[in-house]
Amino acid sequence: MKTISENKAFGGVQGVYSHDSEACGCEMTFAVYLPPQAQEGPIPCLWYLSGLTCTHENAMTKAGLQAHAAEFGIAIVFPDTSPRGEGIANDEAYDLGQGAGFYVNATQEPWSPHFQMETYIAGELRDLVTENFPVTVHQGITGHSMGGHGALTLAMKYPGQYQSLSAFAPISNPSSSDWGKKQLGAYLGTDESLWRSHDASLLLKDKGWVGDVLVDQGADDQFLELLRPAALATSLIETGTAHCYRLQEGYDHSYYFVASFARDHVAWHAERLKG
């Protein structure tokens, strides 16, 4: 693991690091914010998964999570959204390839040699962070848009690994959306039955979620037809999953929306991880 940068922030340290990933077969970059409480011993950890076109840097610089993490005493991990670099498959469109890994393990060429983001996030990077930073096994997961999709599906697919869950404007029903059908088809193939385990609205019916979940969705989000929030809301009700689903009047899909409710989400996770 290499240190790219470390900056003091809100009494803690915002670091950016890289390492050679076995899962993705390339060098991967990620960021970790450690609040001042980490100087006294291991603390809980919140994973933040970013959306389409993003790197580790977008939420790190735009979401304002560090101040809230310092207030509540939890670490924040910001992974990248896909493998990158020369020799890594890509597409001209913004919503496929580098920057659009969708947090799945690709089985189709040319994506399968490197696009193993599910294994990377839930396995390799989790182990790396737990071994090299003062964090406990009490960990939660959240994310925005494509990252909200990743947070919801990974939490349900790996029960017990994450003890708290939330999402900002997640892609909720990708198997029925143009933000999903294209990508799942490319990464996993045309057999749509294989997409089901990567669709939060369907996976909730199949596997469920043992805890409660917080979801914030902007009422004026310009991508509502692609996100399909009603599908997730319906699944939460039909499965009897404890939830707080908030439709936020006047908010769109931007990081202004994320930053506006970031403290609520950090507090949500801190209460469950430290309680």
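User: What span should helix α4 have at 1.5 Å a residue, and how far apart are its end C-alpha atoms?
Analyst: The model is predicted. Helix α4 covers residues 146-157, which is 12 residues.

User: How many residues of α4 are buried?
Analyst: Buried here means under 20% relative accessible area. Of the 12 residues in α4, the number buried is 11.

User: Which residues are the closest to the centre of the largest pocket?
Analyst: The largest pocket holds about 210 Å³ of space. It is lined by 13 residues, and the closest to its centre are Leu52, His144, Ser145, Phe223 and His253.

User: How many charged residues are in the lining of the largest pocket?
Analyst: Sorted by class, the lining has six nonpolar residues and seven polar ones. The number of charged residues is therefore read from the class count, where Asp, Glu, Lys and Arg count as charged: there are no charged residues.

User: What radius of gyration does the protein have, against that of a compact globule?
Analyst: The C-alpha trace spans about 50 × 45 × 35 Å along its principal axes. For 275 residues, a compact globule would be near 19 Å. The protein agrees with this, with a radius of gyration of 17 Å.

Key: Residues are numbered from 1 along each chain as its sequence is written. This is a predicted model: local features need pLDDT of at least 70, side-chain atom pairs count only at pLDDT 80 or more; totals for chains, interfaces and linings use all residues. Side-chain values use heavy atoms; hydrogens and water are left out. Helices (H or I, at least four residues) and strands (E, at least two) are DSSP runs, numbered from the N terminus. The expected span of a helix is 1.5 Å times one less than its number of residues. Buried means under 20% relative accessible area, exposed over 50%, partly exposed in between (1.4 Å probe, protein chains only). On a 1 Å grid over the protein atoms alone, a cavity is a set of points where a 1.4 Å probe fits but cannot get out, and a pocket is an open set with protein on both sides within 12 Å along at least five of seven lines; lining residues have an atom within 4 Å of a point. Grid points are joined across faces, edges and corners, and a volume is the space filled by probe spheres set on the points. The radius of gyration is taken over C-alpha atoms; the globule rule is 2.2 Å times the number of residues to the power 0.38.
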